[in-house]
Amino acid sequence: MQAGKLSIAELRRRVLGYLGQERPEVAVHAGVGLDAAVVDLGGDLCVLASDPITGAVEGAGRLAVQVSCNDVAAMGAEPVGVLATVLLPEGSGPEDVERLMQEISRQAQALGIEVLGGHTEITSRVTAPVVVTTAVGRVQRGRLVTASGGRPGDGLVVTKGVGIEGTAILAADFGQELAGRVPPEVLERACRFADELSVVGEALAAARLGATAMHDVTEGGLYGACRELAAASGVGVELWMDRLPVRPETRAICDAFGLDPAGLISSGSLLIATPDPEGMVRGLEAQGFQAFVVGRLVPEGLWRVTKEAQPGSGAQRRPFPENEEDELWRFLRSR
């Protein structure tokens, strides 16, 4: 199998049929597009999400906290804490453990959450650091938002831009190769995208503003997030390609490497379904978050549209790319 997330078909075939004994306390069970579980133990609902960081070394602790808390917040839940599992290869020193824990602690402090515990180990089973975090959050009854709540006719809103994380990775890791093809000041700005990978603030704001479904845009980019939200909600997607918020830095780097920004990993972006997309954009912008209307949910199919599909517009529909592989993984595999 290729590196990266399992396809939706393989996830259904190899994973989701093996979920143990169903419990009555579980309010939201594991499923395609559902990145967090919800457990009802009385009072507020408890929301839990786990994520590994396997490819990054620099900033792995910070990113591990961000991505799991993003999943919790995309359910409308306020993160409370994280459990952290840190696996380091043989030959690592005590200072390597401390560096990762300092990163985890600093990001937890930035989000106002506690490191609840976890596990640290030096093991021959890994050749590079692996950090896994499980985020724990809480949400009041009636305020839960899931990726399964979207309905045909809902508008789609994206925050910040597409390809945020992938742009930062490519600029940082392939800066020398991009030199001469992308101006140095563009690369410098692109590297700073790594400071924008949390969606906790905008997710909690979107939940208050009436989001019907949310999904953080991670591996597989905007295409992947749309696929998973559509699968969870049992709907289709119409994505208006001319309205995607692609930053100049992302465009320049993707053009240099022949990549599609909409398929590039994008932690830091949030996909929101809402019956009032323009109102959602206004509400988010009033709270300091960039947001853009990029499409709508339809009864079936995954469509890229050349321009906003209004009656008489002459817009042309094309299917989503068949390959679900993230553009970053495709690029790395080709090296």
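Biologist: Which residue stands opposite proline 79 in S6?

Modeller: Quick background: this is a predicted model, where local features need pLDDT of at least 70, side-chain atom pairs count only at pLDDT 80 or more, and totals for chains, interfaces and linings use all residues. The S and H labels are DSSP runs numbered from the N terminus: strands (E, at least two residues) and helices (H or I, at least four). In S6, the residue opposite proline 79 is glycine 137.

Biologist: How many bridges join strand S4 to strand S6?

Modeller: Two strands count as paired if DSSP finds at least two bridges between them. S4 covers residues 78-89 and S6 covers residues 130-139, and the two run antiparallel. The number of bridges joining them is 9.

Biologist: What is the order of the strands in the open sheet of 6?

Modeller: The pairing in this sheet is mixed. From one strand to the next, the twist averages 20°. Read across, the order is S1-S2-S3-S6-S4-S5.

Biologist: Which helix packs on the sheet, touching strand S3, S4 and S6?

Modeller: Contact here means heavy atoms within 4.5 Å. Angles come from lines fitted to C-alpha atoms (for helices, over the stretch in contact) and run from 0 to 180 degrees between N-to-C directions. The helix spans residues 60-73, and its direction makes about 145° with that of S3 (45-53). That helix is H2.

Biologist: How many of the 14 residues of H2 are buried?

Modeller: Buried means under 20% relative accessible area, exposed is over 50%, and partly exposed falls in between (1.4 Å probe, protein chains only). H2 is largely enclosed by the rest of the structure, because its count of buried residues is 13.

Biologist: How far apart are the end C-alpha atoms of H2?

Modeller: The expected span of a helix is 1.5 Å times one less than its number of residues. For the 14 residues of H2 that gives 20 Å. The model agrees, with the end C-alpha atoms apart by 20 Å.

Biologist: How many disulfides does the structure hold?

Modeller: A disulfide is a pair of cysteine sulfur atoms within 2.5 Å. The sulfur of cysteine 46 has its closest cysteine sulfur in cysteine 69, 13 Å away, so that is too far for a bond. For cysteine 254, which is buried at 0% relative accessible area, the closest is in cysteine 191 at 14 Å, also too far. The number of disulfides is 0.

Biologist: Which strands stand at the edges of the sheet of 7 strands?

Modeller: This open sheet has mixed pairing and the order S8-S10-S7-S11-S9-S12-S13. Each edge strand has a single partner, so one of its sides has no neighbour in the sheet; the two are S8 (213-217) and S13 (317-319).

Biologist: By how many degrees are neighbouring strands of this sheet turned against each other on average?

Modeller: Direction is ignored for this value. The average turn is 30°.

Biologist: Which helix packs on the sheet, touching strand S7, strand S10 and S11?

Modeller: Its residues are 277-286, and its direction makes about 150° with that of S11. As for S11, 6 of its 8 residues are buried, so the strand is largely enclosed by the rest of the structure. The helix is H10.

Biologist: Is lysine 160 buried or exposed?

Modeller: Lysine 160 is found in the loop between S7 and helix H4 (164-173). Its phi is near 65°, a positive value in a residue other than glycine. Relative accessibility is 14%, so lysine 160 counts as buried.

Biologist: How far apart in space are glutamate 324 and glycine 4?

Modeller: Glutamate 324 is in the loop between S13 and helix H11 (327-333), and it is partly exposed at 34% relative accessible area. Not counting residues up to four places away in sequence, it touches Ser7, Ile8, Gly220 and Arg227. Glycine 4 is 320 residues away in sequence, yet the C-alpha to C-alpha separation is 9.8 Å.

Biologist: What radius of gyration does the protein chain have?

Modeller: This radius is taken over C-alpha atoms, and the globule rule is 2.2 Å times the number of residues to the power 0.38. For 335 residues, a compact globule would come out near 20 Å. The chain agrees, at 20 Å.

Key. Residues are numbered from 1 along each chain as its sequence is written. Side-chain values use heavy atoms; hydrogens and water are left out.
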